[in-house]
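Hello,

Here is the structure you asked about, with the sequence alongside. Please open it first, and then read on for what turned up.

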Amino acid sequence: MTALAWVSLLAGLVLLGLLLYWLFIIAEGAYLGPWAVVLLYDWAARAYERIKQYDPGDEQWFLGLPLARSLELVPAPLVLDVATGTGRLPRALLRQPAFAGRVIGLDLSRRMLHEAVERTAQFADRLTFIWQDARCLPFDDDTFDCVTCLEALEFIPRPREVLAELVRVLRPGGVLLVTNRIGWEARFLPGRAFPRAEFEALLRALPLEGVKVQPWQAAYDLAWALKSGDPHGGGVRPLEQILRCPNCGGRLRREEDGFRCVGCGRLYPVAADGVIELHAGVDGQGKRAVRGGSKQTPGS
Ligand SMILES: C[S@@+](CC[C@H](N)C(=O)[O-])C[C@H]1O[C@@H](n2cnc3c(N)ncnc32)[C@H](O)[C@@H]1O
């Protein structure tokens with residue numbers, strides 16, 4: 001082999017290494033599709049909190065407390081945490097004595113949800129976890145007093161549409177709390193992370209008011225906003241009143257082993273750990289509604 005061939009081979013390997021580093025470490029599979037993101041999070045679920053090293057004091061001071069304060073005039077707020085992961089936001093909020101509401105945490109990684117269940121056991125009576133894709137939120141318009149999505153928009157295809165979906169299920173007057181990736185890695189997340197001014201403009205283009213984007217963590221800005229319009233909707237209600245079938249939009253009725261759609265008849269199981277598995281819904285003949293679902297015990 002000539003020297004030139006060796007150099008070319010080495011350069012090729014370095015480029016391949018950089019490409020893989022970008023694809024799997026920086027972008028966490030985001031440009032390969034949700035299947036890759038979920039694969040990585042399922043795989044890392046047990047180690048996630050150890051890697052993140054959330055400081056409980058910081059979580060209370062910079063997340064739980066300001067969020068609880070923003071909801072203090074609502075007697076029993078209903079909160080949706082999209083891409084809840086291991087339940088970081090539900091924990092921070094439910095630890096606040098001033099918060100007297102309920103939280104629904106939704107995520108597409110089943111193993112992250114199982115971790116969330118284990119880490120929030122003390123709040124189980126005020127918390128529900130749902131296995132579902134954030135791109136199709138299974139709720140009516142104007143349902144929640146608060147919708148949050150932390151450290152996740154950059155991993156979901158078409159983040160602009162996801163933002164619109166978050167706002168759709170938020171009630172007028174309700175609080176939106178979302179993050180936008182910043183820092184050097186954001187430059188390598190085209191179409192997923194936005195310069196601060198652009199993110200602000202993107203939020204202002206939605207039916208939102210009081211938009212405020214502030215520095216939060218080294219890698220994230222935090223954006224606050226209220227949904228425009230005359231306040232209505234919100235408040236804690238039974239799940240059957242707010243859940244919608246992700247397949248046909250029909251109402252879901254509680255049955256012994258899950259929720260059944262009154263429209264298309266699909267059955268969505270409730271797993272042994274309590275997670276509502278919309279992503280694993282089956283129709284009347286026992287066929288899957290959504291590909292990729294699994295009814296095996298997660299986290300095993
Ligand atoms: C960096 S973690 C953030 C978790 C949590 N919000 C936090 O702040 O710790 C990103 C989360 O987004 C979830 N996620 C990625 N794509 C998703 C999608 N299409 N629908 C729902 N969740 C998704 C992942 O499974 C993962 O739990």
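Let me start with the ligand: 20 residues surround it, and the closest are Tyr54, Ala83, Asp107, Ala134 and Leu150. A residue counts as near if one of its heavy atoms lies within 4 Å of the molecule. Before going further, please note that this is a predicted model, where local features need pLDDT of at least 70, side-chain atom pairs count only at pLDDT 80 or more, and totals for chains, interfaces and linings use all residues. Residues are numbered from 1 along each chain as its sequence is written, and side-chain values use heavy atoms, with hydrogens and water left out.

Which atoms of the protein make polar contacts (pairs of N or O atoms within 3.5 Å) with the ligand? A side-chain N or O atom of Tyr48 is 3.0 Å from a ligand oxygen, and a polar side-chain atom of Arg88 also lies 3.0 Å from an oxygen atom of the ligand. Ala134 uses a backbone N or O atom, 2.9 Å from a ligand nitrogen. Of the 590 Å² of accessible area that the ligand has on its own, the protein covers 99% (Shrake-Rupley method, 1.4 Å probe).

Now to the aromatic rings. Rings of Phe, Tyr and Trp (its six-membered ring) pair if their centres lie within 6.5 Å; planes under 30 degrees apart are stacked, over 60 edge-to-face, and the rest tilted. By this rule there are seven aromatic pairs. Trp22 and Tyr31 are stacked because their ring centres are 5.0 Å apart and their planes are at 20 degrees. Arg192 lies over the face of Tyr31, 5.0 Å from the ring centre; the rule asks for CZ of Arg or NZ of Lys within 6 Å of the centre and within 35 degrees of the ring normal. Elsewhere, Tyr41, Tyr48, Tyr54 and Phe155 form one aromatic cluster.

Best wishes

Notes: Polar contact = N/O pair within 3.5 Å; in protein donor to acceptor, adjacent residues only side chain to side chain.
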